[in-house]
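Here is a short report on one residue in each of two chains, and on the interface between those chains. Please look over the sequence and the model first.

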Amino acid sequence: MTPSHPFPKSWKVLSGLFFLITASLVAGDLTGDEIIHRVTDLINLESSYARVQMKIGTSSGKIRTFVYDSWSKNRGEKNLIRYLEPRRARGQATLMLNHADDIWMFFPRTQRVRKLATHAKKQKMEGSDFSYEDMGGGDAFLNDFETRRLPDEKLEGRDCFTLELRRRSDSDASYSRLKMWVLQENFVPILIDYYDDKDSERLEKRLEMSDIQEIAGIPTAMTMLMRNLNDATSTEMIFLEVEHNPALEDAMFTERALKK
Amino acid sequence: MNPHRLLAALGLLAMTAAPALGQERVELFGYFESQFMGASIGGDFIQLFSNKLRVDLRSELSDNITFAANFDYIDYQGKTDWDILQFLPDSITANVPEQLRGFYRLAFEDRCFLDNAYLKLTLGAFDLTVGRQQISPGTGYAWNPTDLFNTKDLLDPTYEQPGHNALRLDAVLGRGLSLTALYSPGEHWKDSDRMMEMKGRLGHFDITLTAVEKTWRYHDYTRFDAAALNFTERPQRRRLLGGGTAGELLGLGIWAEYGYNWMSGGENFYELLAGADYTFDFQTYVMLEVYRNTQGRPDSIGVTLNDWMRYLAAEQRSITRDQMFLFVRHPLSDLVQGGVSLISSLSDGSLALVPTLTAGAWENVEITAYLNIYLGKEGTAYASDLGSGGMLRARVYF
């Protein structure tokens, strides 16, 4: 796809530097709430495109590989995922609007679009260790959880903010609690622990983010590894192409586009 | 298989594919499917094997023109000629005249066909699709009261449906509204099929209004037309007005679909479907649909040979009036899903159980198996004398 940049490249680099300098100056005084807002701002860009390779490691030791294109707009409010590989899933597409409160799936062999209720977010995405809820993104960290800052820790020699996110009483999120390690230098979360829906002491999944690259001045984790500790399975997502803030039409996020 | 039909289909595929093959980006994909079906009937176990090859072509001819087609070829071995009367209750078959008995047969013949072969032209807010295409209206899983183009197999409701020759216009009207107008030509304008569908959203609910006019080719299965070498056709004009919705209430996914049918030569009737589903935290998925078809009988008393034959020929969607479809699915491992469907006629109390297994052991291989166990009394919609059995299917995508 053709990138469309609203600002010259040099502006993006400058704004990225400004962001990093400001971030490091104020890091010490930030509350948990402020840090999670920074994290959300960083991962929820106005729009984005990515081609992702998803490698699912099964309990029997096999690896299944999927490739999909993903578009997002309005800071994660609109999402479209379209599968390219394997052949079995080719053409299947999922449209998520209103921060995944509205979900439609398209099945190319039957040409049928099915609307799913939000409980479907709990289902595993193509049998992976990511649920649709994990993929929905948006403002879930802000809306579904209350954040508390814990004492800072070092992770792999890098200074991290440590946050605890506890599920709000009115939220239907699938996790009772999250623990998150966020790089102080750029607000990229590099480790998230997901705790069981009922038992807030039982660690269910662990998400590790690595290979952080500056793309258009924005630090971006190019690899994500989700380990499911219950099933002893894992799923790795590798971002093959990433484009931040491309110009995306609203028409891309409609049932018509879903069937294309 | 008739070689002329095979050649004609291949020729048509070649003709339709030719423009696409001239382009740089032609996608070629499809699948091979091998299937075994068996049924225990009258102390015998009959078997049917089939092999299906589907080849899809797709090309973006330009920014706003898409070509897509698929060619299907199926061959059958084993018991390819089924005596339908063998599956029906004695009370129904007792009155069939001896000279007609040989005509109640279901023949599985090798065939090739196109489900899709169309050009799609996109101009701004309009899509114009011309040619053979799949038409899939409705929100229901097992039944679709607003779909007069397809009838689903209750044992395998998600299997792909055949294509229809049609001219279709999809228009985006703004504010989440869209309009579909479809014309499927018959021999004459007056016996052609027409459909209009308006879609919109209300809160988190999708709302659809549908109007269809279609020639409905009923048959009288008690009379034989010697000239046509088939049972006597009793075509009627069927006009449907209906709609559907899908959304969420109290955490449950819910949907409904309704169609009222005006028949030019028979009794009017309606079909109504309501469904709900839920996924538990432990990944178990549960779905329930209830369905009413006032064309069906209120109980098993008074069911006729025509009711059975029209049901088996997909001329009507159910024999009895009220039905239920309950489906439960759970991942047995990260590669295997187990499920069970419980299909019941609420009108006559009969029941069928369909345990299902789907496995994706390899990336492009899918294995599906189910058993169909009929538990109803003789004469009921899901009577045990329908012949319990099963199906095993392996599909390889390329």
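Y49(A) is buried, at 5% relative accessible area. Buried means under 20% relative accessible area, exposed over 50%, and partly exposed in between, with a 1.4 Å probe and protein chains only. The residue sits in strand β1 of chain A, residues 47–57. Strands (E, at least two residues) and helices (H or I, at least four) are DSSP runs, numbered from the N terminus.

This is a predicted model: local features need pLDDT of at least 70, side-chain atom pairs count only at pLDDT 80 or more, and totals for chains, interfaces and linings use all residues. Residues are numbered from 1 along each chain as its sequence is written, chains are lettered from A and ligands numbered from 1 in the order in which they are written, and side-chain values use heavy atoms, leaving out hydrogens and water.

The side chain of Y49(A) makes a polar contact with that of D69(A) at 3.0 Å. Such a contact is a pair of N or O atoms within 3.5 Å; within protein, one must be able to donate a hydrogen and the other to accept it, and residues adjacent in sequence count only if both atoms are side-chain atoms. P108(A) is 59 residues from Y49(A) in sequence and 22 Å away in space, C-alpha to C-alpha.

In chain B, S184(B) belongs to strand β9, residues 177–184. S184(B) is also buried, with 9% relative accessibility. Its side chain reaches the backbone oxygen of N165(B) at 2.7 Å. Leaving aside residues up to four places away in sequence, S184(B) touches N165(B), A166(B), S192(B) and D193(B). Contact means heavy atoms within 4.5 Å.

| Pair | Distance |
|---|---|
| Y49(A) and D69(A), side chains | 3.0 Å |
| S184(B) side chain and N165(B) backbone oxygen | 2.7 Å |
| D56(B) and R109(A), closest N and O atoms | 3.9 Å |

Now the interface. Chain B puts 60 residues into the contact and chain A 37. Together the chains bury about 3,800 Å², 41% of it on carbon and sulfur atoms. Buried area is the accessible area (1.4 Å probe) that two parts lose on being put together, summed over both. D281(B), D334(B) and E363(B) supply 18% of the area that chain B buries against chain A, more than any other three residues.

Seven salt bridges are counted between chain B and chain A. A salt bridge is a side-chain nitrogen of Lys or Arg within 4 Å of a carboxyl oxygen of Asp or Glu. One of them joins D56(B) and R109(A).
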